[in-house]
Amino acid sequence: MGSTLTMISAIRLRDTTRTIVLLIAAFILALGAQAALATQPDASIPAQAALGETGPVPAEEAASLDAGSGGYTPLGPDMIKGQPTPYEEDALASMTFQDQYSANGEYALWMHDAILMPIITVISLFVLGLLLWVVVRFNKRANPTPSKTTHNTLIEVVWTLVPVLILVVIAVPSITLLARQYETPPEDAITIKTIGYQWYWGYEYPDQGGFEVVSNMLDEADALDAGLPPQLAVDNRMVVPAGVPLRIQTTAADVIHAFAVPSLWFKMDAVPGRINEKMLTIDEPGIYYGQCSELCGARHGYMPIAVEAVPMEQWRAWVIQQGGSFESETAGEDAESAEDAAEAGDTAGEAEAELAEATASEDGSDAAAAE
Ligand SMILES: [Cu+2]
């Protein structure tokens, strides 16, 4: 009896040891996978590189700059980069993400394509395989006397631990992406305040004199005439510079709207009486379409968003054309230089005062000596 107990506890001990070894091995594997993830291509690098790639575009646009006429020409339909694909055109593309034109978008798409989809596929196939195996191998005919096994420590530990480790592996890029999306814009980011109205958008440029561009959907005939996609094309686009950080603020005048542009990986609620803010850097010049993504009333489906990213000089020309100015920027610089001057003045004044004091004390000592 005693020897049987010893045997059982010996078996348990062996199982426990094996389990612990397995746990450690699995953990090391998971850590290895995380290290590999951590060194995945930094999405901000392609963004930087993409900036350099805009070479051929500015050349063309430089010509229009030389041609005068304000130096800004709206981008044509050939520059549409972010828009949904019709099912008839490309069934696969119509079901997946749009191409991404921001660092966050590239990272998110990479996470979806390289991490989530493979893991989901493997798990689904594995579970399907197990189900089929059980159905075929352990049905009543194939397996008339079923096993009476109720517990298996090892397998229970494994099927608890493996999913945990899978989730840990997914958590690393997931939390990274989350953190990136909440990054605060730098101080010199260009602010654009997008305002949702029933049922159109307004784009305000507070740092360039505070002018507002009102953006309404083009009707189908006008859009098709211009070679633009109906239900997405607008009369006035939100024009922004490409390649520099933008501080996008959203708010609304009446009900809740949402400013969403899928190809820029950007979606933020526009809430009345409240300002939401998020950074956006668009990799390259182009037209990127989006839509209001919060049910906001009868014409919710007819308030598209058209973002037009252009090189910086073009954007500055556009701002001037819209009646905006860059005075606040220069005013800031003037104020700074004035402060500098004042500081310099203070130092000079202090020096003079010191000198006067010194002379005074010298005079005093002279006087004392004379006495
Ligand atoms: Cu809306």
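**Exercise 1. Describe the chain over residues 157-179 and over residues 115-136.**

Step 1. Take residues 157-179. The span is 100% helix and 0% strand, and its end C-alpha atoms lie 32 Å apart. Helices here are DSSP runs of H or I with at least four residues, strands are E runs of at least two, and both are numbered from the N terminus.

Step 2. Take residues 115-136. This stretch is 100% helix and 0% strand, with end C-alpha atoms 32 Å apart.

Step 3. Check the record. An unreviewed UniProt entry places the feature "transmembrane region" at residues 115-136 and 157-179. UniProt positions use the numbering adopted here, feature names are shortened, and annotations may be inferred rather than shown by experiment.

**Exercise 2. Decide where the model should not be read in detail.**

Step 1. Know the source. This is a predicted model: local features need pLDDT of at least 70, side-chain atom pairs count only at pLDDT 80 or more, and totals for chains, interfaces and linings use all residues. Residues are numbered from 1 along each chain as its sequence is written.

Step 2. Read the confidence. pLDDT is the predictor's confidence in each residue, from 0 to 100. The protein averages 80, and 70% of the residues score at least 70.

Step 3. Over residues 33-69, pLDDT stays under 50, and the model has 30 contacts for them beyond four places in sequence. Two residues are in contact if their C-beta atoms, placed from the backbone, lie within 7 Å. Over residues 358-371, pLDDT also stays under 50, with zero contacts beyond four places in sequence.

Step 4. Conclude. Where pLDDT is low, predicted coordinates should not be read in detail.

**Exercise 3. Is Gln 100 buried or exposed?**

Step 1. Locate Gln 100. It sits in the loop between helix 4 (91-95) and helix 5 (103-137).

Step 2. Apply the cut-offs. A residue is buried if 20 or more other C-beta atoms, placed from the backbone, lie within 10 Å of its own, exposed if 12 or fewer, and partly exposed in between. Gln 100 counts as buried because it has 22 C-beta neighbours inside 10 Å.

Step 3. List partners. Leaving out residues up to four places away in sequence, Gln 100 touches Gly 105, Glu 106, Leu 109, Ser 263 and Trp 265.

**Exercise 4. Which residues touch the most other members of the largest nonpolar core?**

Step 1. Define the core. It is a set of buried Ala, Val, Leu, Ile, Met, Phe, Trp, Tyr and Cys residues joined through C-beta atoms within 7 Å.

Step 2. Name the residues. Val 240, Leu 264, Ala 306 and Val 307 touch the most other members, out of 50 residues. Strand 11 (residues 304-310) gives the most to this core, with five residues.

Step 3. Domain 1 (2-41 + 99-144 + 152-181) and domain 2 (49-96 + 187-325) both give residues, so the core lies between them. Domain bounds come from an automatic or database assignment.

**Exercise 5. How many bridges join strand 5 to strand 11?**

Step 1. Count. Four bridges join the two strands, which run parallel. Strands pair if DSSP finds at least two bridges between them.

Step 2. Pick a pair. Val 240 has Ala 309 in strand 11 as its bridge partner.

Step 3. Inspect the faces of strand 5 (residues 238-241). Met 238 and Val 240 are buried on one side, Val 239 and Pro 241 on the other.
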